[in-house]
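Subject: Structure handover

Hello,

Please find the sequence and structure below. My notes on the sheet, a helix, a strand and the ring contacts follow.

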Amino acid sequence: MTKLLVDNKEIEIEPGTVLLEACLRNHIYIPNLCYLPGMPHPDASCRLCFVEIDGKVVPSCTVKVNGPMRVKTDTPAVRKLQQSALRLLLSVHEVDCANCPANKQCALQEIARFLRVGLKPKGLDRLLKEPSIVSDHPFIDFYPNRCVLCGRCVRLCRTKEGRPQMNFSARGFNTVISFYGANRESMPTCEECRSCLKACPVGALVLREPARE
Amino acid sequence: MSQTTPRISFNAIREQAEKRRKELDETGLPKVHIGMATCGIAAGALETKTAFEQALADQNIAARIHAVGCLGHCYAEPLVLVENPGWPPIFYYGVTPGNAGMIVRAFLRDGDPLLETLLGATEPNDLIPQVKDFPRFAFEKKVITQKSGFIDPEDVYDYIDHGGYETLSACLEKSPGDILQEVVHSGLRGRGGAGFPTGTKWRLAREAEIEHKVVICNADEGDPGAYMDRTILESNPHQVIEGMVLCAYAVGASKGIIYVRAEYPLAVRVITKALQQAEGLGLIGKNILGTDFSFDLSLFQGSGAFVCGEETAMIQSIEGYRGVAQHRPPYPVEKGLYGWPTVINNVKTFASIAPILERGAEWYRSMGTDKSPGTAVFSVVGNVVHPGLVEIPMGVDLRTLILEICGGIPNKKAFKAVQIGGPSGGCLPERFLDTPIDFDSLTEAGAMMGSGGIVVMDEDTCMVEVARYFLDFTQKESCGKCTFCRVGTKHLLGILERITKGEGRETDLKTLQELSQDIKLGSLCGLGKTAPNPVITSLRYFREEYEAHIKEKRCPAKMCRSLTAFYIDLDKCARGCDACVGSCPVEAIFTTKDRKKAVDQILCVKCGECMVACPVEYSAVKKISPAQLAPIIPRPEKKEDKKAE
């Protein structure tokens with residue numbers, strides 16, 4: 001076991017643990033969206049889990065604890081970057097919580113509350129994609145304007161048995177999640193798996209209501 | 001048993017090359033060297049070559065036409081070097097098919113060197129001025145591009161005859177450690193942009209205790225206006241290949257890949273041929289030059305994503321995944337392609353290796369500065385008289401490069417800014433002209449070395465528009481993985497677009513500033529971390545231009561269309577002249593009551609054609625910003641309308 005000091009709280013953790021994981025397990029919250037425990041390489045794409053180590057601001061999912069270290073999770077520099085990243089994510093998010101199935105269990109709401117950022121941040125224009133619903137999966141609807149592109153679904157799908165069924169497509173601002181097939185026969189494992197639905201931190205992947213099928 | 005050494009194996013190849021050259025020399029024929037890289041071809045070198053062949057056949061003159069690569073003098077393309085026995089070799093510039101026929105008839109047939117169309121001679125003589133007296137040639141120090149423009153890139157023997165692969169054969173007799181030591185000692189820093197010490201990278205790869213190691217040449221050049229790597233590969237691919245083989249030998253790699261973008265079809269063709277020829281002679285592949293060192297080198301075509309120039313994205317792309325950047329560490333040199341230690345260097349870095357090992361680290365260190373030794377290749381484009389590729393020692397200042405070597409700003413305009421380092425770099429104003437060009441000085445000034453693209457801008461360039469242009473590029477080229485780059489650059493672009501249209505808000509500058517800083521600090525890879533640089537530097541050095549756009553709706557350079565207008569100065573306009581009328585594509589110019597011309601501001605699309613068409617003696621067409629300042633002149637009612645009434 002190795003000891004580390006996080007915000008003046010001493011915690012003990014197995015060497016080799018990811019710093020973000022170590023903090024979360026010890027009830028020290030660090031905002032995060034793209035982190036998936038047990039993955040060999042950090043995705044580090046959401047840019048929320050910043051901490052300060054020796055004056056340097058780094059994403060905590062990219063740091064492994066291999067010895068004593070001093071970590072601060074609540075410095076002005078850390079909060080500034082986290083708030084900025086969250087504002088950017090919210091600026092491309094269709095904030096219509098009342099009509100979203102993820103309402104009240106949404107990671108974005110939780111992080112916004114934690115970082116004290118309004119859901120409709122000022123200063124940035126809202127940029128939304130078209131169309132707002134993509135129904136190219138036999139029974140899952142994708143909402144590009146809810147998606148935060150954390151990629152948890154894509155990475156989980158890749159680790160499942162059989163061939164992966166989804167990936168990112170397009171690039172830059174237009175990046176979305178796309179499925180490879182459109183009918184049930186071509187996607188036999190989806191019926192039972194549904195990992196992507198469970199992994200989505202927001203309401204971007206939604207089981208299509210039978211009435212709409 | 002007789003022992004074959006690399007030198008002995010190579011001597012046989014070199015003799016072959018020398019024999020071929022001697023046979024050609026003994027014919028005593030004149031030689032016509034035509035620059036046939038992409039730049040030359042775009043300027044019409046193919047037609048020029050055909051014209052030479054035709055003219056030589058017509059005049060019944062025997063001569064050898066030699067297709068060579070690019071010498072870097074873009075302003076002079078198609079560039080031709082004529083070696084006529086009894087004369088010094090002479091450069092001719094802008095050789096059109098017509099000029100080609102003239103050179104054959106006047107010079108090769110009648111012995112008149114056409115003094116009025118030549119650029120200069122390459123050797124001292126009594127009659128023709130030498131090119132080396134011309135600043136564009138005099139200041140250059142060619143190491144990387146030394147053979148470019150003199151050899152046929154599609155003929156390996158031409159390279160060998162100019163000393164190529166000699167260094168490889170000599171180095172294969174030394175230990176890999178010695179070669180590594182020499183590269184470390186040379187102080188060479190990666191020419192891809194970041195300037196990481198090449199020797200350190202190689203040593204890390206060499207020390208990795210993993211059997212498979214990979215060497216990748218990064219030729220995924222994509223900066224707007226930069227074409228150094230393309231030109232080097234098209235003009236002298238073997239120098240890059242030789243550098244890669246030397247690297248592989250030094251670090252113990254068995255596999256190599258040249259990653260070229262598919263948008264460089266000529267480079268792809270030239271490299272493919274070069275690899276075949278090198279393999280045919282045993283210079284790459286199994287048991288190189290009879291040793292037990294093998295190096296399998298192949299070509300990989302990237303499909304045109306700028307981000308794949310970032311090394312982790314490049315590895316993803318080669319492995320068959322989306323070209324998306326990964327978090328570092330692990331760095332590719334620890335865990336790269338398929339998990340193997342991978343050395344990724346730029347084209348210019350590899351092209352520097354053979355000259356360093358041939359002439360020694362001390363010689364290399366004698367050029368450039370203490371911390372940035374050697375030479376650097378730049379593509380200088382934009383508002384300069386002599387644009388093109390320039391190779392100079394590190395540490396030469398921007399003033400010398402832009403105003404002397406490249407001939408300064410054309411059309412008597414004033415210098416305004418220089419953009420260095422492509423979309424990752426920054427715009428520097430005039431007071432930075434004395435900055436020496438090396439990795440550290442440029443970074444300090446807020447720009448960066450980048451891979452060598454330099455865009456020079458004159459007083460008619462709007463810095464807000466320039467920042468918008470670069471953000472438009474990076475925003476489109478973002479891989480879309482991390483939040484800051486994907487969303488942040490989109491917002492930066494949106495704000496800049498708004499400002500150039502005259503819709504900027506008072507709070508925009510603060511947002512631009514803060515968002516830029518956050519993107520720089522928060523992004524995952526180099527693309528995002530450097531994407532806001534054009535905004536940050538232009539805001540720092542040209543803030544008043546941003547403010548003029550926002551507060552006064554005025555574009556000081558009169559470049560942003562929404563903020564400018566064209567009008568005709570009635571005091572200057574000549575009665576009865578209608579030069580401008582025909583030039584207008586939208587019929588916005590009408591005749592006033594006193595038979596002068598005026599612009600209908602509602603119809604005008606601000607193309608500026610009328611300004612070009614207006615005779616210089618009148619110069620009546622004026623451009624003005626903000627647009628409301630243009631006088632509104634009512635269009636006289638048409639006669640038909642009166643009749644209808």
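To start inside a sheet, B:Cys217 stands opposite B:Ile258 in strand E7 of chain B. E7(B) and strand E6 (residues 214-219) run parallel and are joined by 6 bridges. Helices (H or I, at least four residues) and strands (E, at least two) are DSSP runs numbered from the N terminus, and two strands pair if DSSP finds at least two bridges between them.

This is a predicted model, in which local features need pLDDT of at least 70 and side-chain atom pairs count only at pLDDT 80 or more, while totals for chains, interfaces and linings use all residues. Residues are numbered from 1 along each chain as its sequence is written, chains are lettered from A and ligands numbered from 1 in the order in which they are written, and side-chain values use heavy atoms, with hydrogens and water left out.

The sheet in chain B

The sheet is open and has 4 strands in the order E8-E7-E6-E9, with parallel pairing. E8 and strand E9 (342-346) are the edge strands, each pairing on one side only. From one strand to the next, the twist averages 20°. Axes here are lines fitted to C-alpha atoms, for helices over the stretch in contact, and angles run from 0 to 180 degrees between N-to-C directions.

Helix H12(B) packs on this sheet, touching E7 and E8, and its direction makes about 165° with that of E8(B). Helix H14 (residues 347-359) of chain B lies across E6 and E9, running at about 90° to E9(B).

Helix H12 of chain B

H12(B) covers residues 265-280, and its 16 residues reach 23 Å from first C-alpha to last, close to the 22 Å expected at 1.5 Å a residue. That expected span is 1.5 Å times one less than the number of residues. Its buried residues (under 20% relative accessible area; exposed is over 50% and partly exposed in between, with a 1.4 Å probe and protein chains only) include B:Leu266, B:Val270, B:Ile271 and B:Ala274. They pack against helices H2 (38-42), H10 (228-235) and H11 (237-251) and strands E7 (255-261) and E8 (296-302) of chain B, contact being heavy atoms within 4.5 Å. After the helix comes B:Gly282, with a positive phi near 75°.

Strand E15 of chain B

Strand E15 (residues 565-568) is covered on both faces: B:Ala565 and B:Tyr567 are buried on one side, B:Phe566 and B:Ile568 on the other. E15(B) pairs with strand E18 (residues 621-624) in the antiparallel sense over 4 bridges. There, B:Val621 is the bridge partner of B:Ile568.

Rings and charges

Rings of Phe, Tyr and Trp (its six-membered ring) pair if their centres lie within 6.5 Å; planes under 30 degrees apart count as stacked, over 60 as edge-to-face and the rest as tilted. By this rule there are 14 aromatic pairs over all chains. One of them is edge-to-face, because the rings of A:Tyr29 and A:Phe114 have centres 4.9 Å apart and planes at 85°. A:Tyr29 is partly exposed at 27%, and A:Phe114 is partly exposed at 33%. B:Trp363 and B:Tyr364 form a tilted pair, 6.3 Å centre to centre with 55° between the planes. Ring pairs also link B:Trp87, B:Tyr92 and B:Phe107 into a cluster.

A charge sits over a ring if NZ of Lys or CZ of Arg is within 6 Å of the ring centre and within 35 degrees of the ring normal. The charged end of A:Arg146 sits over the ring of A:Tyr143, 3.8 Å from its centre.

Regards
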